[in-house]
Each structure stands twice: as C-alpha cells, then as structure tokens.
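This report describes a two-chain model from its overall build down to single residues. The sequence and structure come first, followed by the description.

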Amino acid sequence: MKIAVCVSHVPDTATKVKIGEDGKTIDPNGVTYVINPYDEIAVEEALKTKENFGGDSEVIILTLGSDKSKETIRKALAMGADKGVLLKDDNQRDSFGIAKALAEEIKTLGCELVFCGKQSVDYDNSITGQLVAEMLDYSCISVVVDLTIEDNKLTAEREIEGGKEIVESEMPAVVTTQKGLNEPRYASLKGIMSAKKKTIDEKPAADSENLTEVLKMHLPPPKQAGRILGTDSSAVPELVKLLREEAKVL
Amino acid sequence: MANKILAVLEQRDGVLKRSAFETVSAAFKIASELNLEAEAVVVGNEISNINDIGNYGISKVVHLKNADLANYSSSGYRDAIVNYATEVDADYIMLANTSLGKDLAPRLAVKIGAGCLMDCVKLDTTSGELTATRPVYAGKALVDVKFNSGKKVITIRPNVFKAQSTDDSSVDVTVKEVSSPNLKTRVVEFKKSEGKLDVAEADIIVSGGRGMKGAEHFNLIEELADSLGAAVGASRAVVDAGWRPHGEQVGQTGKTVSPSLYVACGISGAIQHLAGMSSSKYIVAINKDKDAPIFNIADYGIVGDVFEILPALTEEIKKVKQG
C-alpha cells in the first residue's frame with residue numbers, strides 16, 4: 001500500500017513574529033524553518049503503519065512550497081520515509097489551494113492512506129487534512145491520539161473538549177495527527193546518510209484559485225506589565241481583593 | 001428573496017452547547033448588517049433546549065433529525081447539512097470553532113464550493129462585504145481576511161462573540177427527518193475525562209509549569225482550581241516531562257485559550273506559552289524569578305515561592321467564596 005504524508009515547512013515555534021514588507025506575511029529574515037511538529041507525528045505514524053503492514057508498503061512525503069521546503073522533506077526521509085515529492089509553488093496559497101494540489105498528487109500516486117498533522121503552527125487553520133479527504137471522497141478522522149487499522153477498517157480516538165471520541169471509519173482515509181499519538185523517532189546517522197540518496201520528485205503544483213485572501217497581517221496590541229503585589233503569601237489577600245473588585249473575575 | 005446565512009448549532013447529549021447561542025447571535029448580527037435571512041440548523045436526535053434559540057434573534061430553526069445522528073458522524077452531519085444548505089441555497093454557513101466545528105466546516109466548504117475562514121475573532125461588514133480577523137502563529141499575529149468565493153463558510157472562536165438575548169423570543173422549529181444517514185465515519189463511544197473541566201472551554205484556568213518541581217506537587221494546582229471552579233492547565237515542559245496529560249497543554253503546540261482569568265504558577269513564560277494564553281482577560285503570575293517573562297504580560301504578580309503562596313491563595317479563595 002502507498003501511504004502519503006503531507007508535511008509543511010514552518011517557522012520554528014520559538015520564532016518572534018515580525019511583519020514582512022508586504023504587510024501580509026511574516027518577515028522571514030532570521031527565522032528558522034522546521035518540519036511542522038504535528039507533521040512529524042504524522043510521519044512517525046506512517047512509518048509505524050508501514051512496519052505493521054509489511055510487504056511492499058511505501059511512505060511518500062508530499063510538500064507544497066519553494067525549494068527551501070526540501071529541507072523538511074529530507075528530514076522526513078531521514079526518519080525513514082521512502083521518497084519525497086515537492087509540489088513547487090513560490091506563491092502564497094490558501095488552504096484550498098494547498099489541499100487541491102496535494103489531493104491531485106495523492107490521486108496520481110494512488111495512495112489509499114494519508115496522514116497530515118492536525119494543523120500547521122503557522123496559519124493554524126486545522127483544515128488541510130479534511131479538505132484533501134473531501135476533495136478525494138476519502139473518509140477522514142481528525143485530531144487522532146490513538147489509531148488501529150485492520151483490514152479496511154479504522155478505529156481511532158479523537159481528542160475533543162472534555163474527553164475522547166472513539167470513531168470508526170473505512171479506507172481509503174485521511175488521518176490528522178495530534179500530540180500523544182506517538183513519540184516521533186529521531187533520525188539516525190544512517191538514516192540521515194541514506195536520505196541523501198533518496199529521490200525527491202519535483203513538479204509544479206496543480207493550479208488552483210485561492211478562495212480566501214489575506215488583506216493584512218498585524219500584531220496584537222502589546223500587553224502592559226501589571227503590578228507586583230509582594231514576595232510571599234502576605235500578598236494573597238490583596239490579590240484576591242483585586243480579582244474581586246477590580247478585575248471582577250471571582 | 002434575501003440570501004441566507006445558516007448558523008450550525010452544536011449539541012452534545014441532546015443539549016445545545018453554549019457556543020451554539022454565540023453562533024446564533026453572531027449569525028443574526030451579520031444577517032442584519034448584510035441584509036441576509038438568518039436560520040439555524042441543528043443535527044441530532046432529541047434536543048431538549050432547542051426552543052431557547054428563540055431568545056437570540058433567529059426566528060427559524062431546522063432540526064435535521066435521526067436517532068443514528070444523536071452522536072457526531074462527520075459523514076452523516078456533512079451530508080445532512082449540505083443537503084439542506086443546497087435546498088435553501090445558503091450563501092453563508094457559520095459554525096463555532098470547536099472540535100466538531102473544526103472537523104465539519106472544511107467538509108461543508110468543499111461540498112458547497114465555499115472558501116473557509118476558521119477561528120475568527122472579529123467579523124466586520126463596514127465595507128459592505130464580510131471581512132474577518134483571525135489569529136495566526138497561535139496568536140503571535142492576526143490577519144484580516146476576506147472571501148474570494150460566492151459561498152462562504154466561517155467558524156468563530158468560542159468565548160469571543162457574546163450570546164446576545166433579544167426581546168422577541170418566538171421561534172419556529174421545523175423537524176426534518178433524515179432518511180438513511182451516511183454513517184461511514186461515526187462516533188461509537190465517548191470517553192469523558194474524569195469529570196474535569198477542559199482548558200479549551202473553561203472560564204478560569206490554573207496552570208502549572210516546571211516551577212512545580214514534580215507531578216506530585218500538582219495537587220496544589222488542582223486544589224486552587226477546585227476552589228475557583230477552574231480547569232487545570234500545564235506548560236509544555238511539564239507535559240513533555242510526563243507530569244501532566246497533553247490535553248492540558250496550553251501554548252503553541254497545545255491549546256490556545258482566552259479565559260477571563262489565567263493563573264500561571266511556576267511558569268516562566270516561554271514565547272510558545274505566552275502565544276497561547278496572552279489574550280486571557282486577566283493574568284496572574286506566581287513565580288520566584290522576578291525576571292520571568294510571564295511578569296511582562298501579567299496583570300497581577302507575586303514574586304515568590306509557589307509552595308508557600310498556593311495553599312494560602314486556595315484558603316483565601318475558599319474563605320471569600322463562603323463569605
């Protein structure tokens with residue numbers, strides 16, 4: 001079986017955001033880009049699934065972006081994925097544009113199982129996996145923290161407010177991965193060396209129009225530092241008084 | 001006939017959630033500003049408080065009913081709503097950005113050919129068309145966004161748009177039976193976390209960080225949370241160390257929260273954590289390091305030992321609540 005993993009090349013979460021010259025995106029100067037943390041979990045789950053299935057299963061990494069995204073594909077290949085595909089587009093796309101290109105490629109490759117991180121830590125839309133699934137008419141289970149695949153049936157635990165839903169579905173499917181599903185492996189030195197020899201196919205991303213558009217990016221109003229009320233529990237009565245009378249939150 | 005906006009309401013165990021009333025209010029407001037016709041739609045079996053929707057401006061609710069749709073089924077809910085939205089030719093669909101809303105909104109969008117704007121914290125119609133503001137990078141920045149599509153799907157962040165009750169409380173509830181729902185993907189069981197409040201829904205959160213020095217000291221956090229009726233949160237460091245479950249993690253790879261009150265205990269305030277909670281209305285920080293970044297955004301701070309301060313704070317809260 002062919003398993004696709006959609007990975008995104010994103011600013012490290014330690015990034016301090018500065019607005020770029022276009023006023024619509026961040027200033028990339030000095031920013032370290034990494035594999036999206038949730039996508040690392042997706043890669044790990046795909047590798048585990050391949051190990052369970054055995055046979056001639058293959059894990060293919062898909063990324064949409066510029067040449068710079070190859071770094072992130074290499075990282076996934078070093079973890080153990082078999083090959084990569086870079087869908088090239090230097091322009092900004094909305095989630096629809098991204099999903100469209102991914103879905104087209106998944107169809108071409110004939111992947112029946114797709115893993116995506118539950119959201120990317122840049123635009124935080126949390127919709128790419130579901131969009132890809134709907135475009136392909138695949139089933140989809142999102143925000144998964146436990147997964148079993150037997151024959152053509154998927155059973156997953158999905159994290160929601162106040163608990164977990166146990167969801168059943170059928171292949172072909174897209175699964176979006178949440179922290180807790182697994183512990184992503186570190187790339188071994190051997191993995192890193194062999195990743196250099198693995199193939200990354202490069203092709204232009206399928207055309208798509210953006211259905212939404214960013215007009216402007218701005219920073220939230222700065223928060224003012226407040227008052228230090230003391231250095232031990234003698235400050236507690238005043239704190240509670242302020243919470244009641246000034247903040248009115250108690 | 002005016003264009004339509006459909007507010008999709010979320011129910012759990014046959015009861016409409018608080019976010020459902022926020023969604024109706026927000027949809028009603030947009031409808032009045034853009035001269036749209038607003039309707040609410042809810043999928044489920046029996047729904048006990050469906051008539052309460054009338055208090056929030058909307059006069060028509062459509063209940064898409066089937067016993068097999070009592071629990072969420074992404075395929076079943078999608079098909080039921082898409083069929084109804086197509087039948088009435090709705091231009092806008094609005095949902096709350098909850099676990100269900102996040103899962104369902106993009107599916108509806110693809111099927112009706114709509115763009116999708118998620119987790120909006122502000123909706124604006126002054127230009128005559130809808131623009132929205134949504135956080136990106138876990139709240140380190142915001143973007144103003146608009147649709148390029150005719151059909152539009154929007155989700156709104158819970159706890160941001162207030163449920164506004166109106167004087168007119170009449171509502172027309174139409175029940176439509178859904179025949180043979182598509183149950184290809186369905187919830188077969190719900191495992192509730194042991195009676196605890198979830199950080200994503202809580203109005204008050206008490207969070208602990210590495211300064212708590214070990215999983216065994218989180219009873220101090222839990223006791224303070226209990227006295228406040230608050231949810232327990234955690235920093236990434238303590239989740240990674242295995243002291244707390246990842247469901248409690250607040251921050252860029254955890255949950256983004258905006259409660260009325262956030263109490264940060266032994267949390268220094270890494271940039272990823274601050275991004276996830278700095279939109280809280282009031283922030284209290286208790287930390288022994290006076291240079292900890294958390295103090296830069298806290299409204300009230302105590303520079304001291306959490307092990308001495310937390311028990312005293314819990315006692316004082318209990319005293320005040322009883323008095």
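Of the 250 residues of chain A, 48% count as buried. The model is a predicted one. Chain A contains six helices and 13 strands, and its C-alpha atoms fill a box of roughly 65 × 45 × 40 Å along the principal axes. Among the contacts in chain A with a separation of 6 or more, 71% are between residues 24 or more positions apart.

**Helix 3 of chain A**

Helix 3 of chain A covers residues 95-109. At 1.5 Å a residue, its 15 residues should span 21 Å, and the end C-alpha atoms are 21 Å apart, which agrees. How many of the 15 residues of this helix are buried? The count is 11, so helix 3 of chain A is largely enclosed by the rest of the structure. Among the buried residues are A:Phe96, A:Ile98, A:Leu102 and A:Ile106, and also the charged-type names A:Lys100 and A:Glu105. The cover over these buried residues includes strand 1 (2-6), strand 4 (58-65), strand 5 (83-88), strand 6 (113-117) and helix 4 (128-136) of chain A. Chain B contributes to this cover as well, through strand 7 (114-120) of chain B. Just after helix 3 of chain A, A:Gly110 takes a positive phi of about 75°.

**Contact between the chains**

In the contact between the two chains, 73 residues of chain B meet 70 residues of chain A. Helix 3 (residues 99-112) of chain B supplies the largest share of the chain B side, eight residues. By type, the chain B side divides into 35 nonpolar, 20 polar and 18 charged residues.

Strand 9 (residues 163-170) of chain A runs antiparallel to strand 13 (residues 186-192) of chain B, and six bridges join them. Within strand 13 of chain B, B:Arg186 stands opposite A:Glu168. A further case is an open sheet of four strands with antiparallel pairing, in the order 12(A)-10(B)-9(B)-8(B). Its edge strands are strand 12 (212-218) of chain A and strand 8 (122-124) of chain B, each pairing on one side only. From one strand to the next, the twist averages 30°. Inside this sheet, strand 9 (residues 131-136) and strand 10 (residues 141-147) of chain B run antiparallel and are joined by six bridges. Opposite B:Arg134 stands B:Val143, in strand 10 of chain B.

Chain B is divided into domain 1 (4-177) and domain 2 (204-322). The centres of the two domains, taken over C-alpha atoms, are separated by 33 Å. Six residues of domain 1 of chain B are in contact with seven residues of domain 2 of chain B. The domain 1 side of this contact has three nonpolar residues, two polar and one charged.

Chain B also holds an open sheet of seven strands with parallel pairing, in the order 7-11-6-1-4-5-12. Strand 7 and strand 12 (172-177) of chain B stand at the edges with a single partner strand each, so one side of each has no neighbour in the sheet. Neighbouring strands are turned by 20° against each other on average, direction ignored. Strand 1 (residues 4-9) and strand 4 (residues 37-44) of chain B pair in the parallel sense over six bridges, and B:Lys4 has B:Glu37 in strand 4 as its bridge partner. Helix 1 (residues 18-34) of chain B lies across strand 1, strand 4, strand 6 (92-96) and strand 11 (151-156) of chain B, at about 170° to strand 1.

**Backbone exceptions**

Most residues other than glycine have a negative phi, and most peptide bonds are trans. The table gives the exceptions described here.

| Site | Feature | Value |
|---|---|---|
| A:Met171 and A:Pro172 | cis peptide bond | omega about -10° |
| A:Asp137 | positive phi, not a glycine | phi about 60° |
| B:Lys213 | positive phi, not a glycine | phi about 65° |

A:Pro172 is found in the loop between strand 9 and strand 10 (173-177) of chain A. A:Asp137 lies in the loop between helix 4 and strand 7 (139-150) of chain A. Is A:Asp137 buried or exposed? A:Asp137 is exposed, with 9 other C-beta atoms within 10 Å. B:Lys213 sits in the loop between strand 14 (204-208) and helix 4 (219-228) of chain B, and counts as partly exposed, with 14 C-beta neighbours inside 10 Å.

Notes
Residues are numbered from 1 along each chain as its sequence is written. Chains are lettered from A and ligands numbered from 1 in the order in which they are written. This is a predicted model: local features need pLDDT of at least 70, side-chain atom pairs count only at pLDDT 80 or more; totals for chains, interfaces and linings use all residues. Domain bounds come from an automatic or database domain assignment. Two strands pair if DSSP finds at least two bridges between them. Helices (H or I, at least four residues) and strands (E, at least two) are DSSP runs, numbered from the N terminus. Axes are lines fitted to C-alpha atoms, for helices over the stretch in contact, and angles run from 0 to 180 degrees between N-to-C directions. The expected span of a helix is 1.5 Å times one less than its number of residues. A residue is buried if 20 or more other C-beta atoms lie within 10 Å of its own, exposed if 12 or fewer, and partly exposed in between; C-beta atoms are placed from the backbone.
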